[in-house]
Amino acid sequence: MKNRQILFIIMFLATPMILGCSHIKTRNPLPQDLSAGAQVLGSDRMRMWGDRTPTYLQEWFELPRVELSAQYPALFNSEHNYLAISGGGANGAFGAGLLLGWTERGDRPEFSIVTGVSTGALTAPFAFLGSGYDEQLKAVYTTISTKDILKKRSKLKIITGDSAVNPEGLQKMLIKYINQDLMEAIASEHSKGRLLLIGTVNLDAGRPVIWNIGKIAASENPNALDLIRDILLASASIPGVFPPVFMEVQSNGVTYDEMHVDGGTASQVFIYPTGVDWSKVIERLEVQGTPRAYILRNSRLEPEWKNVEPKLRDIALRSTDTLIKNQSFGDLYYIYLRNKQDGVDFNLAFIPEEFKVKSKEPFDPEYMGKLFDLGYQMGKQGYPWKNVPPGFQPTGKGLY
């Protein structure tokens, strides 16, 4: 949904929410000193911190070549294409349309890794599974409206609760599209070594978390499908608008919970885990040719002029909107520099400045339909991928 429209809800409701005296859930939060060993579905390998090198990375580098080729047949000794899909709410229709147009063009690659944050988390499973799931992806972004997703709560529940809206609409959409068959398809691709990674933020820790959806799907745990839906819901749950999602974890035989929210709280887009020397990963997997990273930024990137009224709401909304936009530039610059360092080809797509249609509501079907069509036509014609982030000026020296 549009950042400024959602942030209006947050700011308008901020004071009564802070003054609320009751809670939706009685918690048993995971203690900090147990966080390192906490398990999900009986394993500590289902996720990793998004701001720290995975603890088990060294084990991976020590695997024999024959074992690597057996575990990662789709990644070993082959070409690599990575897809990172950003947040952006209803603007996710642009990235969805671009992917379908790319399919129509006929040269859309199979992605070795797909990552998603916020609305990008809702796109990522379909993008990961390929063109056979294009119609489901199209339906997600062209058959919904605000009333389908945002179920407003009563004033009493807003005042005493943890969010402005009920997540029921979004949950129903996830149940419809993220089903057993889709999970089994993800598990099958995971067995080939391909990776589907989704970002959330652990609000207790104040840190990003990256979930390995393929590993969860392949776990054969009876709770795996519910967990995947919860992860996607959490990644898209803007704090204050949607309620946080509580993830069950176990430590020393005791069940605790963690509070997870929108992955965009930490970053709008990510390409691979922090702290990993990806050039060494490329070398170990004997990647053929130059790996290519494709970043779908579901947003406009040019400055947008707006005369701001001297009112608290307008000032707060404009300030926060500016903060989010500039945060996204930092994410893109970081990915670009990491790609340059690791020998990965950087390719960026975003909503062009020429698109002037305005949304009338958070999930405006007319707006989303036109944005989807724009992405589709650009993908079909061959999107003019940008090799550097806007405003970044390479000097031709060293990494820059």
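A nonpolar core is a set of buried Ala, Val, Leu, Ile, Met, Phe, Trp, Tyr and Cys residues joined through side-chain atoms within 4.5 Å; buried means under 20% relative accessible area, exposed over 50%, and partly exposed in between (1.4 Å probe, protein chains only). Helices (H or I, at least four residues) and strands (E, at least two) are DSSP runs, numbered from the N terminus.

This is a predicted model, in which local features need pLDDT of at least 70 and side-chain atom pairs count only at pLDDT 80 or more, while totals for chains, interfaces and linings use all residues. Residues are numbered from 1 along each chain as its sequence is written, and side-chain values use heavy atoms, with hydrogens and water left out.

**Trp211 and strand S7**

- Beyond its neighbours within four places in sequence, Trp211 is in contact (heavy atoms within 4.5 Å) with residues including Val40, Met46, Arg47, Leu227, Ile231 and His260.
- Strand S7 (residues 207-212) is mostly covered, with five of its six residues buried.
- Strand S1 (residues 47-49) pairs with S7 in the antiparallel sense over three bridges; two strands pair if DSSP finds at least two bridges between them.
- Within S7, Trp211 stands opposite Arg47.
- Strand S6 (residues 195-202) is joined to S7 by six bridges, and the two run antiparallel; Gly199 has Ile210 in S7 as its bridge partner.
- S6 and S7 form a hairpin with four residues between them, and Gly206 in the turn has a positive phi of about 70 degrees.

- Strand S3 (residues 113-117) is largely enclosed by the rest of the structure, because five of its five residues are buried.
- Ile113, Thr115 and Val117 point one way from S3, Val114 and Gly116 point the other way, and all are buried.
- In a regular strand the side chains alternate between the two faces of the sheet.
- Strand S2 (residues 81-85) runs parallel to S3 and is joined to it by four bridges, and Gly116 in S3 is the bridge partner of Ile85.

- Most residues other than glycine have a negative phi, and most peptide bonds are trans.
- Asn77 is not a glycine, yet has a positive phi of about 55 degrees; Asn77 lies in the loop between helix H3 (65-71) and S2 and counts as partly exposed, at 42% relative accessibility.
- Ser118 likewise has a positive phi of about 55 degrees although it is not a glycine; Ser118 is found in the loop between S3 and H5 and is buried, with a relative accessible area of 9%.

- Helix H5 (residues 119-129) is mostly covered, with 11 of its 11 residues buried.
- Gly130, which follows H5, has a positive phi near 100 degrees.
- The buried residues of helix H9 (residues 168-177) are Gly169, Leu170, Met173, Leu174 and Tyr177. They cover an arc of only 135 degrees around the axis, so they are on the same side of H9; the arc is that of the directions from the helix axis to the C-beta atoms.
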